[in-house]
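Grab a viewer and work through these exercises on cavities, pockets and a ligand site. Each one has a solution you can check step by step.

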Amino acid sequence: MAWPRLVINQHKLRNNVRSVVKVCKENSITIAGVTKGLCAHPIIAEIMISEGCSWLADSRMTNLIQLRTLFPDVSLMLLRIPMPSEIPFLVRYTDCSLVSMPQTIKMINSCCESLNCRHGIMVMCDLGDLREGILAEDMPEMLETLKSSPNVECIGVGVNFGCFGGVLPSEDKLSDLVNAGKAIEEGIGKKLTFFSGGATSSLSLIEKGNMPPEINQLRIGEAFFLGTDTTGMRTIPSLNQDVMHLEAEIVEIRRKPSRPFGKIGADAFGNIPVFPDRGNRLRAIVAVGKQDVRISGLCPFGSGIEILGASSDHLLLDIEDHHEELNVGSILKFAVDYSAMLSLSTSPYVEVEVAG
Ligand SMILES: *Cc1c(COP(=O)(O)O)cnc(C)c1O
């Protein structure tokens with residue numbers, strides 16, 4: 001058994017997937033299960049498939065190639081708009097990519113021509129969040145490109161919210177997406193299969209009953225993994241918020257002054273630290289650090305434990321007010337947010353354990 005460890009309760013995860021799939025189904029919405037938050041872990045992907053996600057989606061080609069090998073028949077979507085250098089791989093291993101650049105579509109088209117195949121795309125529309133996507137004025141050029149790219153099949157339109165600009169999904173914005181999709185249908189003379197109305201943050205529209213009826217797909221990760229909606233700044237009722245936690249081991253416990261003593265320079269990351277004087281306090285060092293996890297995304301289980309800071313390999317805690325006795329070798333648990341989950345699942349130093 002090795003620490004640090006990210007422990008995932010598969011029953012709680014399964015229940016989250018099941019309940020999101022169910023509400024979406026009642027609203028004629030299918031789900032692309034987004035695996036990138038846990039680095040496309042095979043057990044997690046299998047749970048998404050068996051609970052009714054009709055697609056799996058990931059932002060990284062390496063994750064998608066692994067998924068393709070394990071699940072030859074599942075529909076796979078590349079979430080990050082493609083790098084030109086990965087086009088030969090996405091054409092071979094995935095069924096659909098999210099795209100925003102006409103140049104990229106032309107490159108996909110010529111790659112498909114030379115391989116004598118076709119590739120599906122969804123055109124991303126930027127409705128204000130200012131990450132990827134076309135603006136309204138870019139539609140004519142997009143339509144021209146689609147019409148002259150016979151090996152690229154436009155199967156839908158999609159949008160992101162809350163990824164860069166923090167823009168929230170709304171009925172109005174999703175109606176704009178539907179209209180963009182209708183403009184494409186008219187322009188290319190073909191119906192679109194998917195109106196992909198966003199991610200976890202769009203679930204709130206279903207709950208409030210104001211999701212436009214044309215929206216028929218969402219791409220969901222965070223709600224499954226954490227039961228939260230970071231963009232909407234809320235926990236999602238009826239989902240488990242305790243699917244996973246971090247476990248790490250204590251390597252030092254000592255009562256020490258709360259202020260560093262000596263002449264003060266910068267810390268290991270070039271910042272000049274400032275600490276209030278709270279007298280002597282019981283401190284613990286936990287063997288986990290910035291190489292393992294984004295520290296600001298952690299929240300210790302149990303009361304009276306406070307995160308003081310961290311270096312590459314050490315997490316410093318004030319445990320003066322904690323009621324239980326802790327020792328060297330004690331395991332502490334931490335709740336994780338999306339950023340902590342992402343960093344933990346991509347650190348080679350962290351073991352991921354799917355339990356239950
Ligand atoms: C990560 C991602 C998602 C999933 O977002 P969640 O908030 O985790 O549900 C959906 N779409 C795209 C394009 C993404 O990059």
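**Exercise 1. List the residues that line the largest cavity, then sort them by class.**

Step 1: the lining consists of Cys 125, Asp 126, Leu 127, Asp 129, Leu 130, Arg 131, Glu 132, Val 159 and Asn 160. On a 1 Å grid over the protein atoms alone, a cavity is a set of points where a 1.4 Å probe fits but cannot get out, and a lining residue has an atom within 4 Å of a point.

Step 2: the classes come out as 4 nonpolar, 1 polar and 4 charged. Here Ala, Val, Leu, Ile, Met, Phe, Trp, Tyr, Cys and Pro are nonpolar, Asp, Glu, Lys and Arg are charged, and the others, Gly among them, are polar.

Step 3: the largest cavity holds about 30 Å³, and searching the whole structure turns up 1 cavity of 30 Å³ or more. Volume here is the space filled by probe spheres set on the grid points, which are joined across faces, edges and corners.

Before you go on: this is a predicted model, where local features need pLDDT of at least 70 and side-chain atom pairs count only at pLDDT 80 or more, while totals for chains, interfaces and linings use all residues. Numbering starts from 1 along each chain as its sequence is written, and side-chain values use heavy atoms, with hydrogens and water left out.

**Exercise 2. Characterise the largest pocket.**

Step 1: its volume is about 890 Å³. A pocket is an open set of grid points with protein on both sides within 12 Å along at least five of seven lines.

Step 2: 31 residues line this pocket, and Val 34, Lys 36, Arg 131, Cys 163 and Tyr 338 are the closest to its centre.

Step 3: strand 9 (217–220) and helix 10 (338–346) each give at least two lining residues, with helix 10 supplying the largest share, 4 residues. Helices (H or I, at least four residues) and strands (E, at least two) are DSSP runs, numbered from the N terminus.

Step 4: by class, the lining splits into 11 nonpolar, 11 polar and 9 charged residues.

**Exercise 3. Find the ligand and describe its surroundings.**

Step 1: the ligand takes up the space of the largest pocket; to sit there, more than half of its atoms must lie within 2 Å of the grid points.

Step 2: 13 residues surround the ligand, the closest being Lys 36, Thr 200, Arg 219, Gly 221 and Glu 222. The criterion is a heavy atom within 4 Å. This shell has 6 nonpolar, 3 polar and 4 charged residues.

Step 3: now go through the polar contacts (pairs of N or O atoms within 3.5 Å). A side-chain N or O atom of Thr 200 is 2.6 Å from a ligand oxygen. For Glu 222, a backbone N or O atom is 2.8 Å from a ligand oxygen. The side chain of Arg 131 has an N or O atom 3.4 Å from a ligand oxygen.

Step 4: the protein covers 89% of the 390 Å² of accessible area that the ligand has on its own, by the Shrake-Rupley method with a 1.4 Å probe.

**Exercise 4. Which strand gives the largest share of the lining of the second largest pocket?**

Step 1: start with the volume, about 600 Å³. Among its 25 lining residues, Pro 260, Pro 273, Phe 275, Arg 283 and Leu 316 are the closest to the centre.

Step 2: strand 12 (244–257), strand 13 (280–286), strand 15 (306–310) and strand 16 (315–318) each give two or more residues.

Step 3: strand 15 it is, with 5 residues.

Methods
A polar contact is a pair of N or O atoms within 3.5 Å; within protein, one must be able to donate a hydrogen and the other to accept it, and residues adjacent in sequence count only if both atoms are side-chain atoms.
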